Amino acid sequence: MKMAAQAAGLFATYDIPDFFCELLNRGDDIPPSGLQLVRDRLAHFDLAELRRRAAAVEAQFYRLGITFTVYSDREAIDRVLPFDVIPRVLTAREWDHVERGVQQRVRAINLFLHDIYHDRHILNDGVVPRDLVLGNANYCQAMVGLDVPGGVYVHINGTDLVRDREGRFLVLEDNARTPSGVSYVLEDRQMMLRLMPDLARGLNIRPVDEYGPRLHRALAEVAPTGVDDPQVVLLSPGIYNAAYFEHVFLAREMGIPLVEGRDLMVEEGRVYMRTVAGPRPVHSIYRRLNDDFLDPQVFNPDSMLGVPGLVDAYRRGNVTLANAIGTGVADDKAVYAYMPRIIRYYLDEEPILTNVETHICAECEGLEYTLANIERLVVKPVGESGGYGLLIGPHATQAELDEFRALLRANPANYISQPVISLSVSPTLCPAGVEARHVDLRPFAVTGRDTWVLPGGLSRVALRKGSLVVNSSQGGGSKDTWVLAS
């Protein structure tokens, strides 16, 4: 449908498909004043001026080295994440709902992880299938019986949310291992305030620059007991990692050393950092390294990225790892289907944020339903991320549908399926002008003694017309997310 009363200036030719539009078609009889102000200011922007500012943003990102890596593209390894200068705006009421829902989910995930590595009540009671957890590739035997400080396994969590046709927030998936993207949130905000100050002027937008200090505080809070001034470090795989820019950025934001495995050593069950002044004790490690590469004595013996003896020091309680080892069970796409039951089981509460309806192909009923309706579903491998290996049924060819049916029959436990959600859209600057593009949202939660959620989070946008895939590796970009204070 086409805009009526708001069809002016920049939005004169803006066509809204039959989706919830984050800015212009929200179902509000009277839009919140801050939101209306953003609409009015944007409407008076000149398209050429908007393009000029967008080009300035991209040039700044190149100069600052704000990039991510696409290993499959031999033409251009390092890329700047495309950034859209039209912000996504959330009201105080909307954010309150999201914040409470994310905090609830993080509490339940931590209780679930403690349980499955200890008494396994939820498995014994049949709430979650035993084989789904104990047979999970991410279940770590080294964590069994280990008590982590404060019962916190997931110190940094990213919950991927989408909005449906009615504007309801739905959880698409959890990221409880090493969620990435928060650096773009902070850099996007800095860029918007620098190059679009006239759009933000006078608006009560909640800041995002607390993230570094909040994260450092949480990592210090979960350090081993008896340490007055804990040394926190960020462990990176190194410069060839896709998210290396973020590792550098976050270490700087927290004011802590950025280290690689070769910079750390373990002696008598304690971790030390090599420095020019000699070994220095390390107490908390924010690790951006997958479990398999963390310690060659316990996991992959060929790993040159990890620290020999690190797991032994961890089990002795001499160092804290954030996130904990073995958290991948909680963000497994099959376990995700049980999250509403997990929340009810541990918290005796109804989920604040609803899951997308999910069919588990490891179960006969789920497999049969998926095979019969594959052309209407999104089919995802349970262990993949970044938008890889999935099938979007309505956009697939007959050959692709037939190929996926064969994959499902050969290995049903590797897949789940979900209905295609009519993702919300947001006005986005495109080659032909301002057009509607689908968006999602990844709020980041930091947990130490309590859980704090960064106001807004990463809004990813599918820049290809009609595409539902927002991942940067698949051609997506980002927007600054403005949370209006009440």
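1. Where is the place of Arg120? Arg120 is in the loop between α3 (92-116) and α4 (121-124). Helices here are DSSP runs of H or I with at least four residues, strands are E runs of at least two, and both are numbered from the N terminus. Phi of Arg120 is near 60 degrees, a positive value in a residue other than glycine. Arg120 is partly exposed, with a relative accessible area of 22%. The cut-offs are under 20% relative accessible area for buried and over 50% for exposed, with partly exposed in between (1.4 Å probe, protein chains only).

2. A note on the source. This is a predicted model, in which local features need pLDDT of at least 70, side-chain atom pairs count only at pLDDT 80 or more, and totals for chains, interfaces and linings use all residues. Residues are numbered from 1 along each chain as its sequence is written, and side-chain values use heavy atoms, with hydrogens and water left out.

3. Two further backbone points deserve a check. Asp348 has a phi near 55 degrees, again positive in a residue other than glycine. Asp348 sits in the loop between α12 (339-347) and β13 (354-355). At 72% relative accessibility, Asp348 is exposed. The peptide bond from Ala322 to Asn323 is cis, with omega near -5 degrees. Asn323 belongs to the loop between β12 (320-322) and α11 (333-336). Most residues other than glycine have a negative phi, and most peptide bonds are trans.

4. Next, a helix pair. The axes of α8 (residues 211-221) and α9 (residues 244-254) come within 8 Å and cross at roughly 80 degrees. Axes are lines fitted to C-alpha atoms, for helices over the stretch in contact, and angles run from 0 to 180 degrees between N-to-C directions. α8 and α9 are therefore roughly perpendicular to each other, a class that covers 65 to 115 degrees (under 35 is roughly parallel, over 145 roughly antiparallel, the rest oblique). On the α8 side, the contact is made by Tyr211, Gly212, Pro213, Leu215, His216 and Leu219. On the α9 side, Leu250, Glu253 and Met254 make the contact. Contact means heavy atoms within 4.5 Å. By class, the α8 contact with α9 has six nonpolar, two polar and one charged residues. Nonpolar covers Ala, Val, Leu, Ile, Met, Phe, Trp, Tyr, Cys and Pro; charged covers Asp, Glu, Lys and Arg; the others, Gly among them, are polar.

5. Which residues does Leu454 touch, not counting residues up to four places away in sequence? They are Trp95, Val182, Val185, Leu186, Val208, Tyr211 and Phe444. Leu454 is in the loop between β21 (451-453) and β22 (458-462). Leu454 is buried, with a relative accessible area of 0%. Tyr211 also takes part in the contact of α8 with α9.

6. Is Arg163 buried or exposed? Arg163 is buried, at a relative accessible area of 4%. Its place is in strand β4 (residues 156-163). The Arg163 side chain makes a polar contact with the side chain of Glu22 (2.9 Å). A polar contact is a pair of N or O atoms within 3.5 Å; within protein, one must be able to donate a hydrogen and the other to accept it, and residues adjacent in sequence count only if both atoms are side-chain atoms. Leaving aside neighbours within four places in sequence, Arg163 is in contact with residues including Arg26, Arg88, Glu94 and Arg168.

7. The open three-strand sheet has the order β8-β9-β10, with antiparallel pairing. Two strands pair if DSSP finds at least two bridges between them. The edge strands, β8 (264-267) and β10 (280-281), each pair on one side only. Four bridges join β8 and β9, and two join β9 (residues 270-273) and β10. Leu264 has Met273 in β9 as its bridge partner; Tyr272 has Pro281 in β10. β8 and β9 form a hairpin with two residues between them, and Glu268 in that turn has a positive phi of about 50 degrees. The β9-β10 hairpin has six residues between its strands, and Gly278 in the turn has a positive phi of about 110 degrees. The covered face of β9 holds Val271 and Met273, the uncovered one Arg270 and Tyr272. In a regular strand the side chains alternate between the two faces of the sheet.
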